[in-house]
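Welcome, and please open the model in your viewer.

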Amino acid sequence: MTTNRVEHIDDRVKIKTVLISVSDKTGLETLVPGLIRVNPEVRILSTGGTFGKIREILGDQADRLLTQVSDYTGQPETQGGLVKTLDFKIYLGLLTETYNADHQDDLKRTGALPIDMVVVNLYPFKDTVASPDVTPEAARSNIDIGGPTMVRASAKNFIRVASVVDPSDYPAVLAALEAQEGCTTLALRFELARKAFAHTADYDRAISDYLAERQIDDIAACYRSSL
């Protein structure tokens, strides 16, 4: 397999398109207006309950600035929100490299946008399994798939994309954007990537530890089956 090697990047990347999909909606009322303050034309892609919360925050500006991911991709969410963001246009937008001509051609071919920032936090798996009466099925259903995938994709592409996983970082990120005329710097993106990978590693470790403590009889007892 040929590995793509990047030799030229931009230190500063203007935040034009942001994807926001969070379980913990703390701080959105600070983050969203702040993003608009640094770029009045910013485009926000969002999903589910996050979309509703941002629409409420934006008010009259929502129709101009906010787009549901399903409208952007052309693929409706599955019932119950099982699949929302796992789409080629999303991951092309996250992984595309500015100076890769093939990537730029793919963007034009698909009508995809480069996504410059991802704001994601994950289903509360640790909180769920902390309950003494949690069932294996409740734990299983709280294993996030799309969230970690977006975090990993954006963090991998820190040469262009900022991956924001912690609501407590919103004020610092906004301050950095204001200081850089609405741009992220490589130093900021790299620091956020380090935190993002630590976040997904911790998340996967919590899942692994939970499953390691279960026995097959515990699992089978949750389901009607022919076992």
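Predicted model: local features only at pLDDT ≥ 70, side-chain atom pairs only at ≥ 80, totals over all residues.

Residues are numbered from 1 along each chain as its sequence is written, and side-chain values use heavy atoms, with hydrogens and water left out.

**The whole chain**

Switch to a cartoon. You will find twelve helices and seven strands in the protein chain; helices (H or I, at least four residues) and strands (E, at least two) are DSSP runs, numbered from the N terminus. The radius of gyration is 19 Å, close to the 17 Å that the globule rule gives for 227 residues, so the protein chain is as compact as a globular protein of that length. That radius is taken over C-alpha atoms, and the globule rule is 2.2 Å times the number of residues to the power 0.38. Along its principal axes, the C-alpha trace spans about 55 × 50 × 35 Å.

Of the 227 residues, 44% count as buried. Buried means under 20% relative accessible area, exposed over 50%, and partly exposed in between (1.4 Å probe, protein chains only). Among contacts between residues at least 6 apart in sequence, 70% join residues at least 24 apart, a contact being heavy atoms within 4.5 Å.

**Into the core**

Next, select Ile20, Met117 and Val119. Of the 28 residues in the largest nonpolar core, these three touch the most other members. A nonpolar core is a set of buried Ala, Val, Leu, Ile, Met, Phe, Trp, Tyr and Cys residues joined through side-chain atoms within 4.5 Å. Elements that each supply at least two residues of this core include β2 (17-22), α1 (28-38), β5 (117-121) and α11 (186-212). Which element gives the most to this core? α1 does, with six residues.

Zoom in on Val119. Leaving aside neighbours within four places in sequence, Val119 is in contact with Val18, Leu19, Ile20, Ser21, Val22, Leu31, Val164 and Tyr170. Apart from this core lies another, of 27 residues, among them Tyr72, Ile90, Leu94 and Leu107.

Select α10 (170-179). Its residues Tyr170, Val173, Leu174 and Leu177 are buried. They cover an arc of only 95° around the axis, which puts them on the same side of α10; the arc is that of the directions from the helix axis to the C-beta atoms. The buried residues of α10 pack against β2, α1, β5, β6, β7 (183-184) and α11.

Step on to Glu181, in the loop between α10 and β7. Glu181 has a positive phi of about 55° although it is not a glycine. Is this residue buried or exposed? At 58% relative accessibility, Glu181 counts as exposed.

Now compare α2 (48-58). Here Thr50, Phe51, Ile54 and Leu58 are buried. They cover an arc of only 100° around the axis, which puts them on the same side of α2. The face turned away from that buried side carries the exposed residues Gly49 and Glu56. The buried residues of α2 pack against β2, α1, β3 (43-46), α3 and β4 (66-68). Just after α2, Gly59 takes a positive phi of about 60°.

Select Ile9, in the segment before β1 (13-14). Ile9 is partly exposed, with a relative accessible area of 29%. The C-alpha atoms of Ile9 and Thr98 are 7.2 Å apart, though the two are 89 residues apart along the chain. Leaving aside neighbours within four places in sequence, Ile9 is in contact with Tyr99, Ile159 and Leu186.

Then pick Phe197 in α11, partly exposed at 33% relative accessibility. Not counting residues up to four places away in sequence, Phe197 touches Arg152, Ala155 and Lys156.

**Last stop: the cysteines**

Select Cys183, buried at 9% relative accessibility, and Cys222, partly exposed at 33%. How many disulfides are there? With a disulfide taken as a pair of cysteine sulfur atoms within 2.5 Å, the count is zero.
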